[in-house]
Amino acid sequence: RSIPMTESRRTGRLGSAALMGAAALAAALALVLPNVWILWAPLRAPSISFESVAERGRSLAALASDLGISNASLLDPDLGGTSWASGLTMVDLGGLADAHIARYGYDPRFFLPYVFDERKPTFIHTHCVWSRDTRVNDSARFRKDYLAIREEPCALECCRDVMNGEYIRREAIVAPAGTPIPAGRRHVFGGSLILAGWDLDRDVANPGDTLRLSTWWTPRARLADDLRLTVTLAGPGGESYGGGSGFTRGIYPPSAWEPGELISEPRSIEIPGAAPEGKYRLSISVEGGGIDGRYDLGEVDVDAARAREEAEEDFRLHSTALGDGEFQAALSWIDRAIELRPGDAGYREARRKVLAGLRTSMAQQAAKLAGRGEIDDAADLLLATVAETGRSGEPQRELADLSRRYFELGGA
């Protein structure tokens, strides 16, 4: 049967509309489905879990605390979990949250000096594709400046020739030349290991406090890896607090130490809240590798009343320094007061005011340097201020302004 012309035209229009609709649907699916897959695939099988990234941040923050590093920083491509869990200052290896890396990428002329000379992160984490693309852990400069906490070859086919790992800045373990250490506090263990100096943050404490002992060591000859350092706080009634472990948390074993190097080894001594008050003796001992020796460091007075008196005196000294505009000295005194009275809200508020004054003062000095065209000196001053006081306030704004001016001048 022949189809009437009008019906044929109508059928043709319907067929064309159907084809156009099908094409539009196909195009929409082509646009939408990949994005849906991108969003859904990581949820089904994430290559890196949030918790594993967060745990990395927590462990590095704990290591920074053990080593007594304040305002520690981390270069890492996985910012979410690490920044959420660690409280570390983050440097974005991926570049999304870092203007310099976003602008210059991984060009070694700009990237390596930026990382190793300007930012100097306390820790670096990199893996597979990031190691391959940035080569951040594949240079003589990197090996000179950083020690491996953990390192292993990448297992992915794309990146068999690169390493995954976490790294710590070498100067956190090996003290730089010229590091000031207390004089007259030297002792030799076994003829091959020298205690070059030590310092206790205070010799008065409350029950429940944590004392921080800094020690520095120099080898005379090659040492064995099984050396063990023990710190003991012995009480008047036979109580004993402290403990022992290997040097440098295993990061830089004693067998790798070079004669003449100065190794930093901080330790913490927790005094239980129920510890009896009285006069305690603090000592250290070293065992292993043919060494077996003990050295007395002196007396610690665990006395809450005396600790309160010293805190009040430290607060008075802080107020005097603050009135004279000596912000660094004021910060040192108020920190001592807080160590003795950590729960005092008034002391903590005083510290916030000192930090605010210090930031403003340093930012003003940096602005004068920048106004004279001394941009590098201004940046160094601001970076030092940020490292000591945190990334907020005037120094951070001045750094942003310096970056803008630096780029306008064609700087790298």
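Okay, let's start with a glycine: just after helix α3, Gly 87 takes a positive phi of about 75°.

A quick word on the model before I go on. It's a predicted one, where local features need pLDDT of at least 70 and side-chain atom pairs count only at pLDDT 80 or more, while totals for chains, interfaces and linings use all residues. Residues are numbered from 1 along each chain as its sequence is written, and side-chain values use heavy atoms, with hydrogens and water left out.

Back to α3, then, which spans residues 79-86. Gly 81, Thr 82 and Ser 86 are buried there, and buried means under 20% relative accessible area, with exposed over 50% and partly exposed in between, using a 1.4 Å probe and protein chains only. Looking down the axis of α3, those buried residues fall within an arc of 95°, so they line one face of the helix; the arc is taken from the directions from the helix axis to the C-beta atoms. And what covers them? The cover includes α2 (50-66), β1 (73-76) and β2 (89-92).

Zooming out for a moment. The protein has 12 helices and 14 strands, and of its 412 residues, 40% count as buried. Contact, by the way, means heavy atoms within 4.5 Å. Among contacts with a separation of 6 or more, 61% come from residues 24 or more positions apart. The protein exposes about 21500 Å², and carbon and sulfur atoms supply 55% of that; the areas are Shrake-Rupley with a 1.4 Å probe, and for residues only the protein chains shown count as cover.

Now the strands. Two of them pair if DSSP finds at least two bridges between them. There's an open sheet of four strands in the order β6-β7-β9-β12, with antiparallel pairing. β6 (187-189) and β12 (263-270) are the edge strands, each pairing on one side only. On average, neighbouring strands of this sheet are turned by 30° against each other, direction ignored; the axes are lines fitted to C-alpha atoms, for helices over the stretch in contact, and angles run from 0 to 180 degrees between N-to-C directions. Inside the sheet, β9 and β12 run antiparallel and are joined by eight bridges, and Arg 212 stands opposite Ser 268 in β12.

Let's stay on β9, residues 210-219, because that's where Leu 211 lies, and Leu 211 is buried because its relative accessible area is 0%. Beyond its neighbours within four places in sequence, Leu 211 has contacts including Leu 200, Asp 201, Leu 233, Ser 268 and Val 300.

Leu 233 leads us to another bit of pairing: its bridge partner in β13 is Leu 282. β10 and β13 (residues 278-288) run antiparallel, with seven bridges joining them. β10 (228-234) also pairs with β11 (240-246), antiparallel over seven bridges, and Thr 230 has Gly 244 in β11 as its bridge partner. Those two strands form a hairpin with five residues between them, and Gly 238 in the turn has a positive phi of about 90°.

Last stop, Arg 169, found in strand β5 (residues 163-169). Buried or exposed? Arg 169 is buried, at a relative accessible area of 10%. Its contacts outside the four-place neighbourhood include Phe 116, Asp 145 and Tyr 146.
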